[in-house]
Amino acid sequence: MLKIKVNNLGAELTSIEFNGKEKLHNGKTFWDRQAPILFPTVGRLRDNKTIIEEKEYEIPQHGFAKDMNFETIEKNDIKEIYKLKSNKETLKKYPFEFILNVEYEILEDTLKTKIKVVNTDEKKMFFGLGGHPGFKLDMPQEEYYFELETEEPEVEFMEVEGNYISNKPAKNILKENKIIEITKESFLNDAIMMKKLKSNKITLKQKKDSKPILEFNFKDFPILAIWSLPNAPYICLEPWLNYADRVKETGYFKDKEGIIILNPKEEFNCEFSVKFF
């Protein structure tokens, strides 16, 4: 049985309880977040700045939605829906009128996160989007590993160079084309980032007996990141539509890889989910 708690600030999960046991990071040790929604960009822009419509805007790392109050639209035992509308504050950072809806739906042992973006403006809208849930670990990180749904001979890894993404592919760390082992070195250089995946799911398992802990479905997202800090008691699974600026980047928001273009009055829908065992 699943129970959740959500903060109107950022529409961020603050608790995921499964069969009476907490599964979400507490937001107190090592990292002060728990499951932020990343909008209208993912990762860090160069000097936190970007050019939109020939004007420079300042957008913080992972966007501003995580720091804004959402309106509660619906709340019951199986579903919670939250809404953020563009306003004077958002327009100073991002020149588009929009609605951002975040919905949490409980289906027995599975929690779905559904995100809808509506362009309420009279012009084309450009945005990035991602999730960042941090799951609590009961044992040291090295006692776990990840297994992708299928073999991934064409996967491309990315890595951080300074504060930005390197323009060169990173080393492929997959074993048997689908296994990611967690070691003491895994998060020394930020996150493990993958694109060009065929898999829709990734499973966290215990090394000792290959017991599954959770299964994460990121089917609507072309990029998956795995992040923590060394020795931290949590691990984040981050489905992304786009990512931080590269070391070499034009500086124009519309040129970023993975940016979604939404016509006036159109909407964009995506979801990710986690199943607990």
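Here is a short chat about salt bridges, cysteines and pockets in this structure.

Student: Before we start, what kind of model is this?

Tutor: Residues are numbered from 1 along each chain as its sequence is written, and side-chain values use heavy atoms, with hydrogens and water left out. Local features need pLDDT of at least 70 and side-chain atom pairs count only at pLDDT 80 or more, while totals for chains, interfaces and linings use all residues, since this is a predicted model.

Student: How many salt bridges does a search of the whole structure find?

Tutor: To count, a side-chain nitrogen of Lys or Arg has to be within 4 Å of a carboxyl oxygen of Asp or Glu. Over the whole structure, the search gives 23.

Student: Is Lys66 buried or exposed?

Tutor: Buried means under 20% relative accessible area, exposed means over 50%, and partly exposed is in between (1.4 Å probe, protein chains only). Lys66 has 9% relative accessibility, so Lys66 is buried.

Student: Which strand holds Lys79, the salt-bridge partner of Glu103?

Tutor: The closest N and O atoms of Glu103 and Lys79 are 3.8 Å apart. This pair links distant parts of the chain, 24 residues apart: Glu103 sits in strand β9 (residues 98–107), and Lys79 in strand β8 (residues 79–85). Strands here are DSSP runs of E with at least two residues, numbered from the N terminus. So, with the cut-off for strands in hand, the name you want is β8.

Student: Which strand does Glu103 get tied to through Lys114?

Tutor: The side chains of Glu103 and Lys114 meet in a salt bridge too, at 4.0 Å from N to O. The two residues are 11 apart in sequence, so the pair ties together separate parts of the chain, with Glu103 in β9 and Lys114 (residues 110–119) in strand β10.

Student: How does burial compare here: is Glu103 buried or exposed?

Tutor: Lys79 is partly exposed at 24%, and Lys114 is partly exposed at 25%. Glu103 has a relative accessible area of 15%, so Glu103 is buried.

Student: How many disulfides are there?

Tutor: A disulfide needs a pair of cysteine sulfur atoms within 2.5 Å. For Cys236, the nearest cysteine sulfur is that of Cys270, 18 Å away. Cys236 is buried at 0%, and Cys270 is buried at 4%. The search of the whole structure finds zero.

Student: What volume does the largest pocket have?

Tutor: On a 1 Å grid over the protein atoms alone, using a 1.4 Å probe, a pocket is an open set of points with protein on both sides within 12 Å along at least five of seven lines; lining residues have an atom within 4 Å of a point. The largest pocket is lined by 22 residues, with Gly43, Arg44, Gln61, His62 and Asp190 nearest its centre. Grid points are joined across faces, edges and corners, and the volume is the space filled by probe spheres set on them. That comes to about 430 Å³.

Student: And what volume does the second largest pocket have?

Tutor: Its lining has 16 residues, and among those nearest the centre are Lys171 and Glu185. Strands β15 (156–158) and β19 (192–195) each supply at least two residues of that lining. The volume of the second largest pocket is about 370 Å³.

Definitions and conventions
Helix = DSSP H or I, 4+ residues; strand = E, 2+ residues; numbered from the N terminus.
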